[in-house]
Amino acid sequence: MAKTQQPVSAYDDLLAMKKKERRKADFQRLLPLYLMMLPGLLYLVANNYLPMFGILIAFKKVDFSIGIFRSPWVWFDNFEFLFKTKDAYIMIRNTLLYNIVWIAMGMVISVSIAICMAEISSRGAAKVIQPIICFPSMVSAVILSYIVYAFLSNTYGFINTNVIPNSPINWYMKAKYWPIILTIVHFWQSSGQSSIIYMASIGGIDKSLYESARLDGATKLQQIRYITLPLLKPMITLMLLMSIGRIFNSDFGMFYQVPLNSGLLTSTTQTIDTYVYRALLEMNNIGMSSAASVFQAILGFILVMGSNALVRKVDPDNALF
C-alpha cells in the first residue's frame, strides 16, 4: 500500500518562512562586510589560485607555437636541472642557511622592537619612531642596492673612505663578507615591519595584568618575562610556522640586486631564486623555472605540515590546525 504524503502543517510553513526571513535579514546586515571582503577575495583568487594553472608547465617542454596544453610532457625532466648542476649544493645550502639564521634572529629582533615600542610612554614619540623603523620596508631592491653601494663602493664608499681608508676592501669581489652584509641589510629592511604584528598583540594584552604585577612588586623585566612573552607565545608560534613554509624561498631582489649580480659572489649569494632567474635568461626554458617553484612550494608545504604536527603534539593550543 503506497504511503500517503503527510500534509505540511501551518506551523512548519511559518517556521520555514521565519528562517527564510532571518537569512535574508542576516544577508542584508552583512552585505557591507561582503562588499568589503570582495576586493581581497578577488586578489586572493587572482594571485594565489589562478597561477596554480602554471603547475602544468613544470611537467612539460613548453612550445609556444602549439600552446601549453599541446606541448609534450617531460614529467620530471625539468626537475633534474636543479640537482644535476654543480651549483645545486651551493644554492640549496645558501637558501636554507640564510633563512634559518634570519628566522631565528628575526624573531628575537622583532619581538624586542615590539616590546621596546610598547614600553614607550609618550604617544608622540611612538608616532615618530614607528614610521622611521617601518620606512626601510618600503624601499625597493634597486634603491636598496644603491644605498649599500654608497657604503661599500671601492672608490667612494663611506666605509672605505672614512672607516678603513688605509686598507680599503673591494667588497664586491670578496664573497666571504656577504653573509654578514646581507644579514645586516635584511634586518635593517624587514625588522620594523615584522614587529608591527607583535606590537598589535602586545596592545591587546589586558593592562590590569601589568598593574597587578606592579602592585606585587614585579620589575619591568619580570613583567615582560612572566606576562608579555607567555601571552605572545601563540603569535610567535604562528609567525614561526608561516616562516618555515617559506624556508626554501629567498628575497630575489636582495640576493640579485644588492650584490650587483657579481659573479665572484655567487658562492655566498646564489640562492634557488637567483639561479632559476639566471637559468631562465640563459636557456629560456620556463618549464625548468616552473619546476623550481613547484619544488619550493611542495617542500614548504611539507615543512609547514610537519612543524604544525610537532607543535600540535607538544602544545595543541598553539597549533595552526
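The lining of the largest pocket in this predicted model divides into 18 nonpolar, 21 polar and two charged residues. In total, 41 residues line this pocket, and Met242, Gly245, Arg246, Ile247 and Asn249 lie nearest its centre. Two or more lining residues come from each of helix H1 (10-49), helix H3 (88-118), H7, helix H9 (220-244) and H13. H13 gives the most, with nine residues. The volume of the largest pocket is about 1400 Å³.

The second largest pocket has a volume of about 500 Å³. It is lined by 20 residues, of which Met117, Ala118, Glu119, Ile202 and Lys207 are the closest to its centre. The elements that give two or more residues to this lining are H3, helix H4 (123-134), H7, helix H8 (207-215) and H9. By class, the lining of the second largest pocket has nine nonpolar, four polar and seven charged residues.

Two helix pairs are described next. Two packed helices are described by the angle between their axes and the distance between the axes.

| Helix pair | Angle | Axis distance |
|---|---|---|
| H5 (residues 141-152) and H7 (residues 178-203) | about 130° | 12 Å |
| H12 (residues 272-283) and H13 (residues 286-314) | about 165° | 8 Å |

Helices H5 and H7 pack at an angle of about 130°, which makes H5 oblique to H7. Their crossing is right-handed. On the H5 side the contact is made by Leu144, Ile147, Val148 and Leu152, and on the H7 side by Trp178, Ile181, Val185, Trp188 and Gln189. The residues of this contact comprise eight nonpolar, one polar and no charged.

For H12 and H13 the angle is about 165°. H12 is therefore roughly antiparallel to H13, since angles over 145 degrees count as such. The crossing of H12 and H13 is left-handed. From H12, the residues Ile272, Asp273, Val276, Leu280 and Met283 meet Ile286, Met288, Ser289, Ala292, Phe295 and Gln296 of H13. The contact of H12 with H13 divides into eight nonpolar, two polar and one charged residues.

H7 packs with H5 and gives two or more residues to the lining of the largest pocket and to that of the second largest pocket. H13 packs with H12 and gives the most to the lining of the largest pocket.

Methods. Residues are numbered from 1 along each chain as its sequence is written. This is a predicted model: local features need pLDDT of at least 70, side-chain atom pairs count only at pLDDT 80 or more; totals for chains, interfaces and linings use all residues. Side-chain values use heavy atoms; hydrogens and water are left out. Axes are lines fitted to C-alpha atoms, for helices over the stretch in contact, and angles run from 0 to 180 degrees between N-to-C directions. Helices (H or I, at least four residues) and strands (E, at least two) are DSSP runs, numbered from the N terminus. Angles under 35 degrees count as roughly parallel, over 145 as roughly antiparallel, 65 to 115 as roughly perpendicular and the rest as oblique. A crossing is left-handed if the near helix is turned anticlockwise from the far one by less than a right angle, and right-handed if clockwise. Contact means heavy atoms within 4.5 Å. Ala, Val, Leu, Ile, Met, Phe, Trp, Tyr, Cys and Pro count as nonpolar, Asp, Glu, Lys and Arg as charged, and the others, Gly among them, as polar. On a 1 Å grid over the protein atoms alone, a cavity is a set of points where a 1.4 Å probe fits but cannot get out, and a pocket is an open set with protein on both sides within 12 Å along at least five of seven lines; lining residues have an atom within 4 Å of a point. Grid points are joined across faces, edges and corners, and a volume is the space filled by probe spheres set on the points.
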